Amino acid sequence: MLSGTAAIAFRKGSPRHVLAGRVFVVSMLTMAVFAAYLAIVRDQPNNIGGGILTFYLIGTAWLTARRRDGETSRLDWVALLIPSAIGILTWMHGIKVVRSGAPSPDGVPVGMIFFSGSVCLLAAAGDFRMLVSGGVFGAKRIARHLWRMCYGLFIAAGSFFMGPNNRPLRLLSTVGIRRHLPAALFSTGLYLILTILPLILLIFWLVRVRFTNAYQAKSVVLASSSSD
């Protein structure tokens, strides 16, 4: 999360931005693989999908930055299946919860279930449109790169701040600095703000890229992974 935040803060395309982006991509891909593995071992289907989706989002965002305008490959047709399947299954799960009238068995609000499923289907639609159009170009390529990176950061932030057993508190207690910090830093309200902050930044950058002249004449210029 620190590397992702740094990549957002640094000037886009700068050496510091590229370095932070590299660290973020490697960290997120590693975390996604281990998360999916642990979910399989512990029989947690939702976390399996979450790990796979995170890997897909960060991986396709990285590929978008690495490629030239209009460049695609057969791998993109395979990747398209991931958000399509997860989106459909997530919506089916949400409909099942609504029809049952009972709370979600995993504690996730039903609105968040439909939101996550919709994001997956929008990602799939974006992939399909990219493939039939012969790739993405200019500002659209930057937008594709940044929203996937930001949404991946949102998933990581949600898992950390809103996960079980107050993970921030446990982490700071482990390193021995918990007792020096005010209790307000461990409130649910603050955790919620920190969780949705990547979504706010996602919206800001999408508006800046797609509806202003700031990036109209530019493409992503990165030699390796980065994050917007």
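**Entry 1: the cavity**

By cavity I mean a set of grid points where a 1.4 Å probe fits but cannot get out. With that settled, I searched the whole of this predicted model and found 1 cavity of 30 Å³ or more. The largest cavity holds about 50 Å³ of space.

Which residues line the largest cavity? I wrote down Thr 64, Arg 67, Arg 68, Gly 70, Glu 71, Thr 72, Met 130, Gly 135, Val 136, Arg 141 and Arg 144. Sorted by class, this lining has 2 nonpolar, 4 polar and 5 charged residues.

**Entry 2: the fold**

Next I stepped back to look at the chain. Of the 228 residues in the chain, 39% are buried.

**Entry 3: salt bridges**

Side chains of opposite charge can pair when their charged atoms come close. I looked for such pairs and got 4 salt bridges in the whole structure.

The side chain of Arg 67 meets that of Asp 76 in a salt bridge, at 2.9 Å from N to O. Both of these residues are buried.

Arg 144 and Asp 127 are both buried.

Asp 127 has another entry in my notes, a salt bridge with Arg 148 whose closest N and O atoms are 2.8 Å apart. Here too distant parts of the chain are linked, as Asp 127 in helix H5 and Arg 148 in helix H6 are 21 residues apart.

Are Asp 127 and Arg 148 buried or exposed? Asp 127 has a relative accessible area of 2%, so I call Asp 127 buried. Arg 148 is buried as well, because its relative accessibility is 1%. Through shared partners, the salt bridges join Asp 127, Arg 144 and Arg 148 into one network.

**Entry 4: the second largest pocket**

I then turned to the second largest pocket, with a volume of about 720 Å³. I listed 24 lining residues, and those nearest its centre are Leu 122, Gly 126, Arg 129, Trp 147 and Arg 210.

Which helix gives the most to this lining? The answer is H5, with 8 residues. Helix H5 (110–132), helix H6 (138–161) and helix H8 (188–211) each supply at least two lining residues. By class, I noted 16 nonpolar, 3 polar and 5 charged residues in the pocket lining.

**Entry 5: the surface**

On the surface I found a nonpolar patch formed by Ile 88, Leu 89, Trp 91, Met 92, Ile 95 and Leu 121, with about 550 Å² of accessible area together. Helix H4 (residues 74–100) gives the most to the patch, with 5 residues. I checked Ile 88, which sits in helix H4. Its relative accessible area is 47%, so Ile 88 counts as partly exposed, the exposed class being over 50%.

**Entry 6: one backbone angle**

Last, I looked up Asp 43, in the loop between helix H2 (15–41) and helix H3 (45–66). Its phi is near 60°, a positive value in a residue other than glycine. Asp 43 counts as exposed because its relative accessibility is 64%.

Conventions
Residues numbered from 1 in each chain as written. Predicted model: local features only at pLDDT ≥ 70, side-chain atom pairs only at ≥ 80, totals over all residues. Heavy atoms only, no water. 1 Å grid on protein atoms, 1.4 Å probe; cavity = no way out; pocket = protein on both sides within 12 Å on 5 of 7 lines; lining within 4 Å. Points joined across faces, edges and corners; volume = space filled by probe spheres on them. Helix = DSSP H or I, 4+ residues; strand = E, 2+ residues; numbered from the N terminus. Nonpolar A, V, L, I, M, F, W, Y, C, P; charged D, E, K, R; others polar. Buried < 20%, exposed > 50% of the residue type's maximum accessible area, 1.4 Å probe, protein only. Patch = residues over 30% accessible without salt bridge, like charges linked within 9 Å, V, L, I, M, F, W, Y side chains within 5 Å. Areas by Shrake-Rupley, 256 points an atom, 1.4 Å probe, with all protein chains shown as cover.
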